[in-house]
Structure formats: C-alpha cells, structure tokens
Amino acid sequence: MAESTVIGAGTRIRGRIHGDGDLLVDGFVEGDVKVSGEVVIGASGLVGAAVQGSRITVRGAVRGDLSATLSIHLEEGARVVGAVRAPRVSVASGAMYRGILHTAAPGEPVPTIAGLAVTPAVQTPAAKAQAAPLARPAAPVIQAGLAVPGRAPAPAVIAAPAAHAVNVAPAAPVVNVVNVAPAVAPSAAGHGFSAPLVSATAESDSDGENLDTDDAEGTMPALRRGARGQVAKKRG
Amino acid sequence: MSTIIAAGITVEGEIVADEDLQIGGTVRGKLTSKDVVAIEAGAVVEADVQAASLTIGGNLVGNSHVTERVDLLAGARVIGNVKAARITIAEGAQFKGNVDMDV
Amino acid sequence: MAESYETTIGPRTRLRARVHGDGDVSLEGQVEGNIALGGKLTVHEGGSVKGETSASDVVVHGDLEGPVRSDGTLHVGSTGKVNGVVKVTALSLDDGARFHGQVIASFDLPAELAEKISAPAAAPTVGARR
C-alpha cells in the first residue's frame with residue numbers, strides 16, 4: 001500500500017468514495033466505499049455503509065455489507081454488522097460479527113443456507129432516513145469537493161495524490177465531505193444526506209442479503225418456538 | 001481406528017460401523033458393525049446388535065446376531081436372543097433369552 | 001477401563017441418530033441427526049454432521065450442515081465447511097474455511113454506527129421477548 005489514500009482519524013466523510021488504489025480508513029466514512037485495491041479499516045475506523053474492494057481488512061467497526069473479489073479479514077477488535085462475501089474470509093478470535101456470510105466471489109451463486117427463514121427487513125426509505133446517523137461531536141471541517149482532482153487543497157488528513165484518484169462520486173446528488181456541527185444537525189441536512197444513501201442501500205437489499213440480523217431470534221424458528229414454549233409454560 | 005461412545009453420551013438411532021465399536025455410554029436403536037462390538041461395564045444398550053464378535057460387560061436389551069463369538073463377562077446383564085457361532089457366559093453374568101448356535 | 005477416553009465416532013462409522021450427553025465428542029465419521037452436548041464437538045476432516053448442533057464449543061475441520069448453537073466458540077478451520085444459521089458467543093474462521101450462513105451474535109457497534117430503531121417497529125419484538 002505505497003500510495004494509499006488515508007482517511008485519518010478525526011475525519012468524517014459523508015458521501016461515496018470510489019476509485020483505483022488502496023484505502024485506509026482510520027476516520028468515519030458514511031457513504032459507500034468502492035475501490036479496486038485493498039481497503040483497510042483501522043482500529044479507529046468507522047464505516048456506516050457498504051465496502052467493496054479486492055481485499056478488505058477490518059480492525060474497526062462497520063455497519064454495512066462487505067464484498068471483496070479476493071478476501072476479507074475481520075481481525076481482533078473488529079465489529080461488523082452486515083453481509084460479508086469474498087472467496088476467502090477469515091474471522092479472528094476477538095472479532096465480532098453478525099450477518100450473512102458467504103465464502104464466495106461477489107456475483108457467484110451461493111447455496112441456500114440451511115434453516116434460514118428469510119424475513120427480509122422491510123424498511124421504508126423514511127425509516128432508513130431516520131436511521132441514518134446525524135450527529136457526531138467534534139468532527140473536523142472539510143469542504144465539499146475536496147477530493148475532486150484539481151481542487152485538492154487537502155487539509156492534512158486526505159493524503160490522496162490528485163492523480164491517484166479516490167474520488168468523491170460525481171454522480172451522487174448530495175456528495176460532500178462536511179463539517180458536522182457538534183450539536184444535532186438540522187433535519188434538512190439530514191434529508192439531504194439520506195437520499196443517496198437510501199438508494200444505494202436499496203440496491204444492496206435486492207440481492208436478499210441485507211437482512212435485519214438484529215432480530216436474531218426471528219430467523220431461527222426452532223429456537224423461537226422453544227422460547228415461546230417456555231414462556232407459555234411459565235404463564236400457564 | 002474405532003468408534004467409542006463414552007459414558008455420559010447417549011445415541012438414539014442407528015449406528016453403522018465398518019470398524020470396532022466400544023460402548024461405555026447409552027445406545028438405543030440399532031447397532032451394526034463389521035468388527036468387534038464391546039459393551040462395557042456400566043454401558044446401557046437397548047438395541048439389536050449385528051457384529052462380527054460381541055463382548056458384553058454391561059447391559060444389553062435386544063437381540064444379537066454375531067458371525068463369530070459372543071462373550072458375556074461377569075457383571076453382564078443380557079435380555080434377548082443371541083445367534084452366534086460360539087458363546088461364552090462367565091460366572092456372574094445374567095442372561096435371559098435363547099441361544100442359537102447355527103451349526 | 002471406563003475412565004477418561006472421549007467419545008469418538010470413527011471415520012468408518014455412520015450414525016443416523018440423536019446424540020446427546022455431557023461429554024465431548026470427536027467426530028471423524030458421519031452423523032445424520034441432532035447433536036446436543038454439554039461438552040465440545042470436534043468435527044475432523046472427513047467427518048460430517050447433518051442436523052442441529054449445540055455444544056459448549058464447536059470446532060469444524062470437516063462438514064457441518066444445520067443450525068449451530070453454542071455459548072462458546074464456533075471455530076471453522078481451513079478445511080472446514082459450514083452451512084447454517086449460527087448462534088454462538090464467538091466465531092472464528094480460518095482463511096480457506098468455507099462458510100455459508102447467518103451469524104447471529106449480540107454485541108453493540110460504536111455509538112456512531114448504532115442504529116436508531118423506530119419505536120413502532122421495535123414494539124412487537126420487545127413484547128415477544130418479555
């Protein structure tokens with residue numbers, strides 16, 4: 001990772017990150033990440049969206065689907081909630097994970113999971129918009145368009161050489177790298193950010209892997225039946 | 001190589017082995033081995049047994065069909081019919097059933 | 001003689017049965033049926049389980065198909081293959097392991113990533129759990 005892009009600790013990015021090359025996230029990224037190279041989410045790194053790369057290593061926390069063409073490694077201290085898919089996956093002891101995990105290349109057909117009661121989480125866009133995190137205290141001020149080539153006065157933390165592009169997606173309507181006020185962000189801003197994120201998440205929903213794994217017992221019918229039985233006994 | 005069902009473990013169903021079977025725990029159902037089956041002292045077997053040979057030091061309730069020999073050791077308690085070429089019953093073994101030494 | 005050996009299902013043994021008890025089980029053969037152990041289940045390379053498994057810890061170097069429950073760790077070695085819904089306290093997967101499953105685990109993400117659950121959606125779940 002000689003020329004990797006680094007999202008430093010204390011930096012927060014709302015918006016998609018995509019491009020060639022490698023990426024190290026020690027800060028907070030709230031939009032989808034899609035790079036051709038390796039993605040490392042450091043111990044202080046937080047990602048609240050899908051991550052795609054050739055190889056993904058997580059030591060920090062991710063809420064979102066991870067997909068890699070080669071391998072995914074969840075190392076000690078990692079906390080990941082979301083679908084994981086790569087031909088090779090390792091989960092170290094001391095890593096915490098929940099979600100649907102397939103050791104298969106992205107796009108490759110996968111066997112059905114024995115005993116999985118698929119209850120796709122029906123979440124309305126509104127619900128997702130509500131769920132989108134809004135405030136984080138003491139985030140640094142970084143202006144929109146920062147990473148776009150030709151306009152890169154990069155204050156310290158974004159280390160991408162202009163030619164070595166990890167770009168903020170030009171397609172996304174509300175793409176920016178923002179200053180988040182320490183107080184609760186105004187709701188208008190919240191809507192603005194949520195719109196592209198919602199559509200992106202909806203896409204990944206369509207492959208049926210983005211289950212609401214928080215409802216743990218709902219997906220294990222036998223266990224739930226058992227639990228109910230106990231409850232019934234107690235009440236009876 | 002062999003299969004061992006240790007004390008404290010219960011198997012309910014069918015066991016098919018192409019190797020020795022040593023039972024110290026509980027087996028209910030059906031038990032088939034092409035080699036030696038040993039039911040140890042303390043073991044509880046409630047099953048029909050097919051084996052090349054059978055040694056019983058524990059409890060067996062069920063019929064056994066053995067191609068070679070059956071040995072009931074002292075302390076064995078067997079209820080069921082035994083079909084075998086040879087059979088020994090040690091002093092102190094309990095046995096209730098028929099023996100068929102098909103000559 | 002009956003002392004400290006563990007239960008072993010040899011490579012040339014097939015069980016179509018329910019296996020339960022307090023001890024450990026070392027599996028080199030095939031089990032078709034549910035396994036419920038107070039101890040540890042080790043599925044060696046070549047060994048396979050088709051059924052529901054619960055054990056204090058589960059180690060898989062062979063094949064395991066079906067739901068797994070453990071208050072301990074599910075470890076899948078590089079030759080291991082697991083397919084099922086897995087509810088364990090800890091999961092570790094060696095590089096090369098094959099896994100197709102849902103992992104259910106309870107832990108919190110950092111506050112920044114914590115999902116805000118809207119009250120109406122949460123209500124029935126909470127009710128059912130209590």
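Reader: Before we start, what does "buried" mean here?
Author: Buried means under 20% relative accessible area. Over 50% is exposed, and partly exposed lies in between. Keep in mind that this is a predicted model.

Reader: Okay. Is E30(A) buried or exposed?
Author: Buried. Its relative accessibility is 4%, so E30(A) falls under the 20% cut-off.

Reader: Where is E30(A) in the chain?
Author: In a loop of chain A, between β5 (28-29) and β6 (33-35).

Reader: Which side chain meets E30(A) in a salt bridge at 2.3 Å?
Author: R12(A), with that distance taken from N to O.

Reader: What does R14(A) form with E30(A)?
Author: A salt bridge, with the closest N and O atoms 2.9 Å apart. This pair also links distant parts of the chain, 16 residues apart. R14(A) is in the loop between β2 and β3 (17-19) of chain A. The side chains of R14(A) and E30(A) are in polar contact too, at 2.9 Å.

Reader: Is R14(A) buried or exposed?
Author: R14(A) has a relative accessible area of 6%, so it counts as buried.

Reader: How many salt bridges are there over all chains?
Author: Nine, from a search of the whole structure.

Reader: Which side chain meets D71(B) in one?
Author: R69(B), at 2.7 Å from N to O. D71(B) counts as buried, because its relative accessibility is 14%. R69(B) is partly exposed, with a relative accessible area of 32%.

Reader: Which residues do salt bridges with shared partners join into one network?
Author: E12(B), R28(B), E46(B) and R18(C).

Reader: So that touches two chains. How many residues does the contact take from chain C and chain B?
Author: Chain C gives 24 residues and chain B gives 22.

Reader: What area is buried between chain C and chain B?
Author: About 1,900 Å². Carbon and sulfur atoms give 50% of that area.

Reader: New topic. Where is S33(B)?
Author: In strand β4 (residues 26-33) of chain B. S33(B) counts as buried, because its relative accessibility is 5%.

Reader: Which backbone oxygen lies 2.7 Å from a polar atom of the S33(B) side chain?
Author: The one of E19(B). Leaving aside neighbours within four places in sequence, S33(B) has contacts that include A17(B), L21(B) and Q50(B).

Reader: Now the nonpolar part. How many residues are in the largest core?
Author: 82. L66(A), L74(A) and F99(C) have the most contacts inside that core. Strand β12 (residues 81-93) of chain C gives the most to it, with five residues.

Reader: What does L66(A) touch?
Author: Not counting residues up to four places away in sequence, its contacts include V51(A), I56(A), V58(A), I72(A) and L74(A). V80(A), A83(A), V84(A) and R85(A) are also among them.

Reader: How many residues are in the second, separate core?
Author: Eight, including L46(A), F107(C), L109(C) and L113(C).

Reader: Last one, chain A overall. How many helices and strands?
Author: Three helices and 16 strands. Of its 236 residues, 45% count as buried. Chain A exposes about 10,800 Å², and carbon and sulfur atoms supply 57% of that.

Note on methods. Residues are numbered from 1 along each chain as its sequence is written. Chains are lettered from A and ligands numbered from 1 in the order in which they are written. This is a predicted model: local features need pLDDT of at least 70, side-chain atom pairs count only at pLDDT 80 or more; totals for chains, interfaces and linings use all residues. Side-chain values use heavy atoms; hydrogens and water are left out. Helices (H or I, at least four residues) and strands (E, at least two) are DSSP runs, numbered from the N terminus. Buried means under 20% relative accessible area, exposed over 50%, partly exposed in between (1.4 Å probe, protein chains only). Accessible areas come from the Shrake-Rupley method with a 1.4 Å probe; for residues, only the protein chains shown count as cover. A nonpolar core is a set of buried Ala, Val, Leu, Ile, Met, Phe, Trp, Tyr and Cys residues joined through side-chain atoms within 4.5 Å. Contact means heavy atoms within 4.5 Å. A polar contact is a pair of N or O atoms within 3.5 Å; within protein, one must be able to donate a hydrogen and the other to accept it, and residues adjacent in sequence count only if both atoms are side-chain atoms. Buried area is the accessible area (1.4 Å probe) that two parts lose on being put together, summed over both. A salt bridge is a side-chain nitrogen of Lys or Arg within 4 Å of a carboxyl oxygen of Asp or Glu.
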